[in-house]
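Subject: Handover of a structure, with findings

Dear colleague,

Please find the sequence and structure below for your files. My findings follow directly after them.

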Amino acid sequence: MPLKILVAVKPQARKSKVKKISDGEYSVSVTALAREGKANEAVIELLAEYFSVPKSSIRILRGQTARRKLVEVG
C-alpha cells in the first residue's frame with residue numbers, strides 16, 4: 001500500500017537533505033533551482049534514496065509548482 005506524505009521543499013539550499021518533521025511530514029532541501037522541474041527531480045531522487053525505493057516509485061500527486069507537495073511513496 002503506497003504511503004502518502006506531505007513534503008515542504010526548500011530549493012537552492014546549500015546541502016541536499018531529508019528531515020522528518022512528524023509522521024507523514026518531511027522537509028526536503030535540494031540544491032537544484034526551482035526551474036523547469038529540476039527541483040522536483042531532485043526531490044524525487046532524494047526521497048527514493050531516503051526510503052530505499054526506485055525513483056519510479058515516487059510520484060508528486062499535488063503541488064507540482066508549489067513548495068508544499070503531496071507525495072506518494074511506493
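Serine 27 touches Ala8, Lys10, Lys17, Val18, Lys19 and Ile21, where residues up to four places away in sequence are not counted and contact means heavy atoms within 4.5 Å. This serine 27 belongs to strand β3; helices (H or I, at least four residues) and strands (E, at least two) are DSSP runs, numbered from the N terminus. Serine 27 counts as buried because its relative accessibility is 9%; buried means under 20% relative accessible area, exposed over 50%, and partly exposed in between, with a 1.4 Å probe and protein chains only.

Please note that this is a predicted model, in which local features need pLDDT of at least 70 and side-chain atom pairs count only at pLDDT 80 or more, while totals for chains, interfaces and linings use all residues. Residues are numbered from 1 along each chain as its sequence is written, and side-chain values use heavy atoms, with hydrogens and water left out.

The sheet

Five strands make up an open sheet of mixed pairing, in the order β2-β3-β1-β5-β4; two strands pair if DSSP finds at least two bridges between them. The edge strands, each pairing on one side only, are β2 (17–22) and β4. On average, neighbouring strands of the sheet are turned by 35° against each other, direction ignored; axes are lines fitted to C-alpha atoms, for helices over the stretch in contact, and angles run from 0 to 180 degrees between N-to-C directions. Helix α1 packs on this sheet and touches β1, β2, β3, β4 and β5, its direction making about 120° with that of β3.

Strand β5 and its partners

Strand β5 is largely enclosed by the rest of the structure, because five of its six residues are buried. With β1, it pairs in the antiparallel sense over six bridges, and isoleucine 5 stands opposite valine 71 in β5. The pairing of β4 and β5 is also antiparallel, over four bridges; here isoleucine 60 stands opposite valine 71 and arginine 59 opposite glutamate 72. Five residues lie between β4 and β5 in their hairpin, and glycine 63 in the turn has a positive phi of about 90°.

The core

The largest nonpolar core has 19 residues, and those with the most contacts inside it include Ile5, Val28 and Val71. Such a core is a set of buried Ala, Val, Leu, Ile, Met, Phe, Trp, Tyr and Cys residues joined through side-chain atoms within 4.5 Å. Helix α1 gives the most to this core, with seven residues.

Yours sincerely
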